[in-house]
Amino acid sequence: MKRDYLQDALQTFNGGNWYGWKKEDENGNKIPNDQRMTYANIKIIKDGATLPSEAEVNAKIQELKDAEQAAIDKKISGKQKLKDLGLDDAEIKALIGV
């Protein structure tokens, strides 16, 4: 399943569960479900919550992506270090399950 970085990023602001998605545009036209989940269609549903800027949300998305890539890179590096110590793929899999 593809990760929804926008929602993951939004959850880090305002204590989480502070937003929803507009169902109609400013003219009262229904927004199709496949087009609703965008920054432009965020609506605040929690009292006291504030809308972070699009730049803040994009920065958080990049931070999440960078952290995910760093974890992938560390796993690859760790496996290579185990190989360099003489372990084969079966032994590495037995140790770390991958």
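Lys-83 and Asp-89 form a salt bridge whose closest N and O atoms are 2.9 Å apart, a salt bridge being a side-chain nitrogen of Lys or Arg within 4 Å of a carboxyl oxygen of Asp or Glu. This is a predicted model, in which local features need pLDDT of at least 70 and side-chain atom pairs count only at pLDDT 80 or more, while totals for chains, interfaces and linings use all residues. Residues are numbered from 1 along each chain as its sequence is written, and side-chain values use heavy atoms, with hydrogens and water left out.

The structure holds four salt bridges, including those tabulated here.

| Pair | Closest N to O |
|---|---|
| Lys-83 and Asp-89 | 2.9 Å |
| Arg-3 and Asp-8 | 2.6 Å |

Glu-68 lies in helix 3 and Arg-3 in the segment before helix 1 (5-10), so their pair ties together parts that are 65 residues apart in sequence; helices are DSSP runs (H or I, at least four residues) numbered from the N terminus.

Lys-83 and Asp-89 also belong to the contact (heavy atoms within 4.5 Å) between helix 3 and helix 4, where Lys-79, Leu-82 and Lys-83 of helix 3 meet Asp-89, Ile-92 and Ile-96 of helix 4. The axes of helix 3 (residues 54-84) and helix 4 (residues 89-96), which are lines fitted to C-alpha atoms over the stretch in contact, with angles running from 0 to 180 degrees between N-to-C directions, come within 10 Å and cross at roughly 130 degrees.

Technical notes:
Helix = DSSP H or I, 4+ residues; strand = E, 2+ residues; numbered from the N terminus.
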